[in-house]
Amino acid sequence: MRKSRLVTTLFLCALVGFMKNSSGQVKAELESARVQKKKTYQLWYDAPAPNRGGNYKALGVTSKPYDADWESLSLPLGNGWLGACVFGRTDTERIQITENTLVNKSLHKLGGLTNFAEIYLDINHRKPTNYQRGLSISDAVSYTKYQEGGVEYTREYFASYPDKVLVIKLKASAKGKLSFSVRPVIPYLKNPDTTKDGDYRTGIVSANGDLITLSGKMGFYNVLYEGQLKVTNFGGTEQAMNDVEGGNGKIVVADADSAILLVAVGTNYKLESKVFTELNPAKKLYGNPSPHERISNIIAAASKKSYAELLQTHLSDYHNYFNRVKLDFGGTEPTIPTDKLLTNYRTGIHDSYFEELYFQFGRYLLISSSRPGTMPPNLQGIWTQYDISPWGAGYWHNINVQMNYWPVFNTNLAEMFTAYVDYHNAYMEEACQMATEYIRINNPDSLSFSTNGNGWAIGTGASAYTIMGPGGHSGPGTGGFTTKLFWEQYDFSRNKKLLRQTDYPALLGMGKFLSKVIKPTRDGLLLANPSESPEQMQKGTAYKTIGCGFDQQMIYENHHDLLEMAKILDDKAPFISTVKYQIGKLDPIQVGFSGQIKEYREEKNYGDIGEYKHRHISHLVGLYPGTIINSNTPAWVDAAKVTLNARGDLSRGWAIAHRLNLWARVKDGDRAYILFSNLLSTCTKPNLWDTHPPFQIDGNFGGTAGVAEMLLQSHEGYIAPLPALPSKWASGSYKGLVARGNFEVSAAWKDGQATFFEINSRVGGICKVYYPNISMATVTDSHGNKLSFKKENTDLISLQTNKGDILKIKSIPENSKIKATDTLMITTIDEKSVDLVWKEVEGAAYYKLYKAVGNSPTYDLVADKVTKTNYEFQSESISGMGRTTFRVTVVGKNGRESNGRLVYINNK
Ligand code: FUC
């Protein structure tokens, strides 16, 4: 079956309708809609999602809770205020609704997200033909269409952020042929008398005229909730029916041509300090007004608009974000459904459209779940059908919630981070208390008695109602995952107002806390004590230590970024001098006998301590999202690769996504591609949701971030387009990715070689661009006038830009790369010499030999212009030299150097 044009057609109809009485701006939008029509992105299927009732046993699954149909095949919509999962059924349609503040006590006692409502549409069509359903992520509209009894039935669903409603339109192609009843249900109702600990849910559904209201209360936090569903039918009749005893209500629509349903939901939750500082769960929302009036107003306002107006408002809001980035690996819209594309992908048929779709789907999910004024996305975004959600669908802070935001800045969606900033501001008071508590227990000598003098801290577990302090299984450095996002918010925007108001306070407070978690050692270092590498266990308990790589790197990263900010703001406070002193004593990177970045100081060979292939690879946070391991520390980059190789390419969803970003950072495009394809093949459901298992959304976001990281980097002081391009994406283009410094970057390439870059300077400033041979390229402004630039070296240029300047770079001379040698060995070794032998490389002009001793970040050149394939390295005392990495590179006829091949000697 061909893919549907339904959404685009409906969208254009709606726009044309709107244009009749509207301005030229809409005309322009229509034009751009036509241009976009070239390639649209959608997930589509030729059958409804099954709904086998979460019968996990029948599905052969042993862990509860589990609803395989919901998590594999329902299609997610969201506007930050609510999430909806659409099944597209023709007998009884199921639309599952989530609201990110409706929680029960949950297993973790933090408050776990729970299903808000199920909306059933009893349609009773049992013999549909020409069935198709889908989710256009180009428009954020889901649809279902089929024929039954000679009539074509269509449904459209979208969640509008500006109007705060879920809109559903049902339509029959023949007059009077649409009949159905709509029946919302409150899930997991429990009897208050029999539920322990007051953790109950009460509520009723009542229908009145054209409105159905669901309202009730969640016991544990006393959450008042309300949902309203308004039905407008065209050409038919409507009857509200109530089963008063059962607390259920429904509306029956008969003989209509079409109908529109509007849904709004909410609770009496208020995002404020009190919700975190109040210890009594029953009082967290005390005094907050019922959501009734707010929800009524939303429904009343939306009811005043026509369907076309609602759709237009939604599309222009959504397109404003989604259309900023285009990505093209040469994929074309497929003629087979998305689940078949996935099956093919798993067997090695890697369709480029599918990869583009996966990338854009992550952006779609972020726009759908994180908006200014809403809660941030949790472990399941804004979609959970469970009573007790896996891990409470919480805000897990030892990588997960931050990974949700890894694509936020580089894929041009910075506004979406606001939701986290609001959450952060609300938990701050409690986080300051957490910091004081932590220092009081773990490092009382450093305790400050001044207000917020201990900074702030956050550990792993958190929800809309509670946060926890560090410790348990993730060390005090855990907060660094969060502050990195605040650093990035500044570095990508260069917005000094935001820096002063939000980003600097976040890093300064974290810096204060981290400055107190380290203790001096006898050899003059400052090490986190106690310290834990997230979730590594030994003999069944979390492994506690001093100064593990994770904590030291995180402290380094926060201190480093903090000092950068202090410089910009000219903060000369005495504490900044403390940070300057401390940063030199952290010794964050240690290299072990396997040539690996060590997870623990006490580790010798890789894997001595902890799980060998643990999903967390926390001792590489300095490579990504951190930057201490970078191109200027080649010996550490090589050591990071050793660690990555040992940890392996298969893991849980988010953990594969982390490895993908790490391989991108070491600029190995082909290896990063393997991680990306592993993510798609092994951790992706037919609805493209990431699975841990079960469904966990961080992997989706990490996957999208990873693709962007392969295509554009900017963490090393310059813009580096196409830093990790895999051979698989030989030719392609992208538009609108963002580099630090607030440059919007577009690129095109052919046969692995860049043909064009366009850089839009959004705030002005120096623009440095790195690409092989770029100093020989032509650089023009948007009118084609040649611009002069400074040649920093063959591969690096710099230009001063003003806000709004557009640079176009073309005619970049091709750069031929030379391969590394396949083998490097030590043949003999004695106290005075080491004999090294390597394999000859065709086309080599000569070889270079380097060495790095101990934890050195860089290599020393041992021998240059070696034309043989062996070398006798001599030293006064080999055994006294310390742990050493030897590295041989190949230099080609064009003077370009290959990657290195390594061999080690492990004297102490
Ligand atoms: C961390 C991870 C787990 C899981 C959980 C929600 O604890 O180690 O794999 O993602 O968060």
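Is Y606 buried or exposed, and what is its relative accessible area? Y606 is buried, with a relative accessible area of 8%, where buried stands for under 20% relative accessible area, exposed for over 50% and partly exposed for the range in between, with a 1.4 Å probe and protein chains only. The structure is a predicted model, in which local features need pLDDT of at least 70 and side-chain atom pairs count only at pLDDT 80 or more, whereas totals for chains, interfaces and linings use all residues. Residues are numbered from 1 along each chain as its sequence is written, and side-chain values use heavy atoms, with hydrogens and water left out.

**Overall architecture**

- The protein chain has 18 helices and 40 strands, these being DSSP runs numbered from the N terminus (H or I over at least four residues for helices, E over at least two for strands).
- For 908 residues a compact globule would have a radius of gyration near 29 Å, and the 29 Å of the protein chain agrees with that; the radius is taken over C-alpha atoms, and the globule rule is 2.2 Å times the number of residues to the power 0.38.
- The C-alpha trace of the protein chain spans about 95 × 65 × 55 Å along its principal axes, and buried residues make up 61% of the 908 residues.

**Pocket and cavities**

- Both kinds of space are found on a 1 Å grid over the protein atoms alone: a cavity is a set of points where a 1.4 Å probe fits but cannot get out, a pocket is an open set with protein on both sides within 12 Å along at least five of seven lines, and lining residues have an atom within 4 Å of a point.
- Grid points are joined across faces, edges and corners, and a volume is the space filled by probe spheres set on the points.
- The second largest pocket has a volume of about 570 Å³ and is lined by 29 residues, of which W487, D491, R494, S714 and G717 lie nearest its centre.
- At least two residues of that pocket's lining come from each of α11 (479-493), α13 (549-569) and β29 (765-770), and the lining divides into 11 nonpolar, nine polar and nine charged residues (nonpolar: Ala, Val, Leu, Ile, Met, Phe, Trp, Tyr, Cys and Pro; charged: Asp, Glu, Lys and Arg; polar: the others, Gly among them).
- There are 12 cavities of 30 Å³ or more, and about 180 Å³ of space lies in the largest cavity.
- The largest cavity is lined by 19 residues, with W406, E488, F492, Y624 and R740 nearest its centre; α11, β24 (712-713) and β26 (732-739) give two or more residues each, and the largest share, five residues, comes from α11.
- The lining of the largest cavity is made up of 11 nonpolar, three polar and five charged residues.

**Aromatic rings and charges**

- The count comes to 49 aromatic pairs, in which rings of Phe, Tyr and Trp (its six-membered ring) have centres within 6.5 Å, with planes under 30 degrees apart counted as stacked, over 60 as edge-to-face and the rest as tilted.
- Y606 and Y612 form an edge-to-face pair, at 4.6 Å centre to centre and 85° between the planes; Y606 is buried, whereas Y612 is partly exposed, with a relative accessible area of 42%.
- Ring pairs link F276, Y395, Y405, F409, F417, Y420, Y423, Y427, W456, F486 and F492 into a cluster.
- The charged end of R363 sits over the ring of F322, 5.5 Å from its centre, and that of R371 sits over the ring of Y161, 4.4 Å from its centre; the rule asks for NZ of Lys or CZ of Arg within 6 Å of the ring centre and within 35 degrees of the ring normal.

**Backbone geometry**

- Most residues other than glycine have a negative phi, and most peptide bonds are trans.
- A cis peptide bond joins N529 and P530, with omega about 0°, and P530 lies in the loop between β21 (526-528) and β22 (537-538).
- Another cis peptide bond joins Y624 and P625, with omega about 5°, and P625 is placed in the loop between α14 (574-583) and α15 (634-647).
- N130, in strand β8 (residues 129-136), has a positive phi near 50°.
- K667 is not a glycine but has a positive phi of about 65°; K667 lies in the loop between α16 (653-665) and α17 (669-682) and is partly exposed, with a relative accessible area of 29%.
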